[in-house]
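Dear colleague,

I am passing on the structure we spoke about, and my notes on it come after it. Please read them with the structure open beside you.

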Amino acid sequence: MSAIQDTPTLAAAAPRASIARRSVWLALGLAAALAPLWLLESFHLFQLTMAVIMSLAVLGLNIVTGYNGQISLGHGAFFAIGAYVTAILMAQADWSFYATLPFAAAVCGMVGYAVGLPALRLGGLYLALVTFSLAVAVPQLLKHRALEGWTGGVQGLFLMKPEPPAWLTARVAITPDQFMYLVALVVAALCYLLAWNLIRGRIGRALMATRDHPTAAEAMGMDIAALKTRAFAVSAMITGVAGALSAAAVEFVAPDSFTFLLSISLFVGMVVGGVASILGSVFGGLFVLFVPNIAESISRAAPGVIYGIILIVFLFVLPDGVAGLVRRVLARLGGRAS
Amino acid sequence: MTTTRRLLLAGSAGAIAAPLAAPRIAAAQEAPGVTATEIHIGSTNALSGPASSYSVISRCLEGMFRRLNDEGGVGGRRVRFTVYDDGYQPPRTLEQTRRLVERDRVAFLFNQLGTPTNNAVHRYVNQRRVPHLFLATGADKWANPREFPYTMGWQPSYRVEAQIYTKHVLEQRPNAKIALLYQNDDFGRDYLHGVQDVLGDRFRAMVVTATNEATDPTIDSQIVQLQATGADVLICGVIPRFAAQAIRRVHDIGWRPMMFMTNVSVSVGVVMQPAGVEKGVGLITSDYRKDQSDPAWANDPGMNEWRQFMQRYIPDGDLGDNNYTYGYGVGATMIQVLRQCGNDFSRENVMNQARNIRPMQLATLLPGVMVQSQPDNYNVIRQMQLQRWNGSSWERFGNVIEGAGS
């Protein structure tokens, strides 16, 4: 997955030799994703599960902000809505976790579409503020009395993470943590595959054209309004699925879990990982989860300062994100080889 | 062959030693987070983010464990206290708690901050049977030994506070008609439950209630409505903004009930002055801590002990911050439990000692307020003393009153 997506234009004219190389990359990526199942103990596996979930959330943000150029500072709200849809259905209606996933995606898609409508009139900074207000409002709405019967108010909701099924536990020894990682990985991989297909195809090029030159895109016959609102819907859907996964992994949701800081850290993850890059979203998720921990281990007194310094260093050293670095290194290696 | 012999040898050695030392040695070896020289205790707090003003509690506790180690530790071991930052975000709390339990392998968890944050780990720690002791939150749900035997709060909950007010009412005016104004959320409903606990079947006949939303602009209409019922007692479980409104409104419409205000909302600067200091005369609230600004404690041995501690271990700490008197009390409770453990710091024994604290006084708590626990009652502090507003300050009166228990 990793190497493929960065060369969308090559895909059309791909010589056969590169297909072999690509499957090698795919196998390596698969191995890297599955190895932690055996290598890591449960706590680190839990962290990695959260990192996979965060990278999925960053991917959602990347579609609307990275590829379509609409700045959103409110993706924490979609994350929260996805988490709450799953939590409410599981805790109040006894649904199975898997059944809630499409539902969470659909609800977030609809909300995303609705948020995309004002985006047609508001651009740039103004849109950023509108989405930001969404991120500020959602945690408070979740506490509201009218919804309290469903959302559990400030106390939040408890749920159980999906248990490994009997046919699996009968064959291999698998812990609930390992299984949760596997579930997150499979769901995330599917979403990444969908996003990759979307981006490298006609729609992806239209999204980027709208971002780079809306007037020209419209002159070429693209329906900008439809593109923008749908980009928002797809983006919200993916981030919402990430939220649903996080509700299951944490087994608890509360309004305080989804403050506006979450939206900001997703945005930071996207920029650091690489704007308009699918591989970058993976690194973005790792950054969102692990850098605050690294900052804390360096200085307990002022983790915020260390976090800021790490962020600035990243932006100076890697102006086009981690994905940009990978791309450059690969290009150099490729150049030397040929 | 050799294996069998070795096993036999070990077995017989064990059999001989068993009556003397085996249980102790075994416990010390099996207990996670405990070595021959050290006990490792974990905690989470909001070291960053909007709630980070509470992080001074962790500083205070670190200072107390440092003092304990300087004095030779406990059970021949030093205490290592690890606090991780959760930024007051529940998912981070779970992550950090799992780090403490699974990676750092701490002996147990102590004084984690916040209600939503502790909610996120409540089930996890009870499934894993990790003691989750003396939490820094005022919610009522932590005293539930039947369903969550490993979790224990410390400070009196809002529910206990309401029980205490109701008991005082019954003592003073057995035939009172009580008006209860509470905020329609978990905080406010704890007051409703507390009044119900004490009155039981009489609740319906004796009490009229009105609620407000945290988002309401005013609570004037609720006050007028309650007055019209002819109530002669008013108990308020509302946040500071509404507390000031209620005090002023009750005075202005000429209602003179025996009025109680939650101790969350009695700050002189934030509530009493905006309400009008003369309008609040006679208002009753409660506390369990000694107020460090009260001249009555200027030469109090307990508070002097606390001041000396602050001077030595946290010289730059703000002596006006009552999180330090809170921290001192909760830290002293923890150290008492460790002392009770003797030489066995296994999770089972720590929990067992934590639920069997014989009533004791602490330096920073009001005289007569006891710290205690029983296997069926996890309300560690269940007593408070009432205090009345005299127009310029709060005056304590009467004896400490005990809540109805869980």
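Below are the conventions, followed by what was found.

This is a predicted model, in which local features need pLDDT of at least 70 and side-chain atom pairs count only at pLDDT 80 or more, while totals for chains, interfaces and linings use all residues. Residues are numbered from 1 along each chain as its sequence is written, and chains are lettered from A and ligands numbered from 1 in the order in which they are written.

The contact between the chains takes 23 residues from chain A and 22 residues from chain B, where two residues are in contact if their C-beta atoms, placed from the backbone, lie within 7 Å. On the chain A side, α4 (42–67), α13 (224–250) and α16 (303–317) each give two or more residues, and α4(A) gives the most, with five residues. Helices here are DSSP runs of H or I with at least four residues, and strands are runs of E with at least two, numbered from the N terminus.

Chain B is assigned domain 1 (26–155 + 303–375) and domain 2 (158–287 + 386–402), with bounds from an automatic or database domain assignment. The centres of these two domains of chain B, taken over C-alpha atoms, are 32 Å apart, and their contact takes five residues from domain 1 and six residues from domain 2.

Chain B also holds an open sheet of four strands, ordered β2-β1-β3-β4 with parallel pairing, where two strands pair if DSSP finds at least two bridges between them. The edge strands are β2 (78–85) and β4 (132–133) of chain B, and B:F110 stands opposite B:L133 in β4(B).

Best wishes
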